[in-house]
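Reader: I am new to this structure and would like to learn how to read its features one at a time. Could you take me through them slowly?

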Amino acid sequence: MAWLLDWHDGRGVLHCGQGVETREDGWFEGVWAGDFAAWDFDRSADVFGSGGLCRDGRLRLVAPSHGLEPIFLKRDGRQSLASNSLAFLLSYAGSGIDPSCFEYAEIFLGVLEGIDHLCFEVPCLGGRVQVVHHFNIEIDSGGVPRIIEKAAGPPLPIYEAYVEHVAAVVADVVENARSPARQSRFTPLSTLSKGYDSPACAVFARGAGCGEAVTFESSLNREGSRQHDDNGAEIGRQLGLEVRAYRRELPPETDPADFAQFFCDGGTGGELFWLAMADALPGRALITGFTGGSLWSLYTTERALYEINDCSGRGLGEFRRATGFAHVPLTAIAGARQADVSGISRSPAMAPWTVGGDYDRPIPRRIVENAGIARQSFGQMKTGNSFRAWYPEHWPDRYREAFRRYREARPPSTAARLRYGLKLVRLQILRFSCERRFVKHLAGKLAPFGYGQRFIHPVLRGLSWLLRQAMRPFNPPPYKMVIRMHPRYTYLLAWATEAAACRYDGVRPIPPAGRER
């Protein structure tokens, strides 16, 4: 389901896989909320895939609205390359990740900070690559791109309006996936767990005609060991779904290239255990709850638009395209109405479904309980996968050894080490200023000298905030994740893109003289 467009002086060549729908005026992979036959995915607010369309004499590229997968652009004079796969684009352009650049972590992870960070550039060997999440892109005949915002969708002032809107979008997506006008149809498949988000998504999926679900038996701790029971099979049974449960472990003899693909496109590898259910995914529209905590949490009042908590779901892109399924994270629906959804969560009408504590999401709790699921059956504790996949010491031996050989063959220069050292000092200062433990510790030390906790704690928090603001121009957040991944992230990204690029070795540029408009 990967595609690449080579656009030069108003003439283009499209290279794509069998799962990409093509017409004379455009192409698309995935699904969207709308009539497939109308072929108007560029006007949809809810797009779960990517493609391009010639409209009014201009080329318009469409990225997924959920922001977990971007479109990549590379310009060279009047030539523009665009792809939904970074590995495909770099392979085609004869380029690659620069192993001496240790800024990739803060560049890619800055996208977690919301709408102002969804478009950025990354340095690569042979030029820079523009990365565009969520937005549409219009390219003129000279190859110059222009960012275009997607539709925001209707206002959602109350819970009933929100649920009705999401249900309608899910129904449209499923109808689109099953359209007889398609070359390749998708069958809906929901994910399930014992948390909040996927059970709520499963309720919507069932309402749109989905009858199947998949679940992992357990969650993992940071070192990759089984932790808590996360099997959603009983919830699925009560919803009337046929559920298949999988162990959260890698299949035997997984190829290192298949392992590495989850670190492509800015992912951090937490999804690599999805290889275990690869047999259930081809030809599916996979409905997930990724980013649900960012939209449905009770504590999202001060978030920027599209700001999310972590990188969950960002590593599925290359795996999804190679396996052949569409990814539909339902929590992205009405993402542009985040303020409305947050207001619903805090409204008095949601008090009966507000349980208190750090893990409190009234909207999905009401959705699932109204579907007949008992309160104690889900949403009791955060049990999602917290496995730190970016630490090779937690990997099986064969993958750790393959990555070690790759890294040792490309030692960083002295200049790169020096730049990293200076960056690390600034990141540590920022981290030190933001640690709540430090503030509490210092307040406790000052208390015996007559400074009460009620007085000194707000003062220290204020000083911490001032220092954090002063350091932000030098250290784009999220600083805690960035500091853990420098410079490992650069090598993971380079290793992954080179491994995935083998899939596209047979695709070669076509001379401009041989192109058709």
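Predicted model: local features only at pLDDT ≥ 70, side-chain atom pairs only at ≥ 80, totals over all residues.

Reader: How are two packed helices described?

Author: Two packed helices are described by the angle between their axes and the distance between the axes. Here, helix α1, residues 86–93, and helix α16, residues 488–501, have axes that come within 8 Å and cross at roughly 75 degrees. Because angles of 65 to 115 degrees count as roughly perpendicular, α1 is roughly perpendicular to α16.

Reader: Which residues of α1 and α16 meet?

Author: On the α1 side they are Leu86, Ala87 and Ser91, and these meet Leu493, Thr497, Ala500 and Ala501 of α16. Sorted by class, the residues of this contact of α1 with α16 are five nonpolar and two polar, with no charged residue.

Reader: At what angle do α3 and α10 pack?

Author: Helix α3, residues 159–177, packs against helix α10, residues 362–370, at an angle of about 70 degrees, and their axes are 12 Å apart. The two helices, α3 and α10, are therefore roughly perpendicular to each other. From α3, the residues Tyr159, Glu160, Tyr162 and Val163 meet Ile363, Arg366, Ile367 and Asn370 from α10. The contact of α3 with α10 has five nonpolar residues, one polar residue and two charged residues.

Reader: How many salt bridges does the structure hold, and which parts does the pair of Arg320 and Glu29 tie together?

Author: The structure holds 29 salt bridges. In one of them, the side chains of Arg320 and Glu29 meet at 2.9 Å, N to O. Arg320 belongs to helix α8, residues 317–323, while Glu29 belongs to strand β4, residues 26–32, so this pair ties together parts that are 291 residues apart in sequence.

Reader: How many cavities of 30 Å³ or more does a search of the whole structure find, and what lines the largest cavity?

Author: The search finds five cavities of 30 Å³ or more. The largest cavity holds about 180 Å³ of space, and 17 residues line it, with His66, Thr291, Tyr306, Ile308 and Ala332 lying nearest its centre. By class, that lining has six nonpolar, nine polar and two charged residues.

Reader: Which residues lie nearest the centre of the second largest cavity?

Author: They are Ala45, Asp46, Ala334, Gly335 and Ala336, which are among the 16 residues that line the second largest cavity. About 100 Å³ of space lies within this second largest cavity, and its lining has nine nonpolar, five polar and two charged residues.

Note on methods:
Residues numbered from 1 in each chain as written. Heavy atoms only, no water. 1 Å grid on protein atoms, 1.4 Å probe; cavity = no way out; pocket = protein on both sides within 12 Å on 5 of 7 lines; lining within 4 Å. Points joined across faces, edges and corners; volume = space filled by probe spheres on them. Nonpolar A, V, L, I, M, F, W, Y, C, P; charged D, E, K, R; others polar. Axes fitted to C-alpha atoms, helices over the stretch in contact; angles between N-to-C directions. Helix = DSSP H or I, 4+ residues; strand = E, 2+ residues; numbered from the N terminus. Parallel < 35°, antiparallel > 145°, perpendicular 65-115°, else oblique. Contact = heavy atoms within 4.5 Å. Salt bridge = Lys/Arg side-chain N within 4 Å of Asp/Glu carboxyl O.
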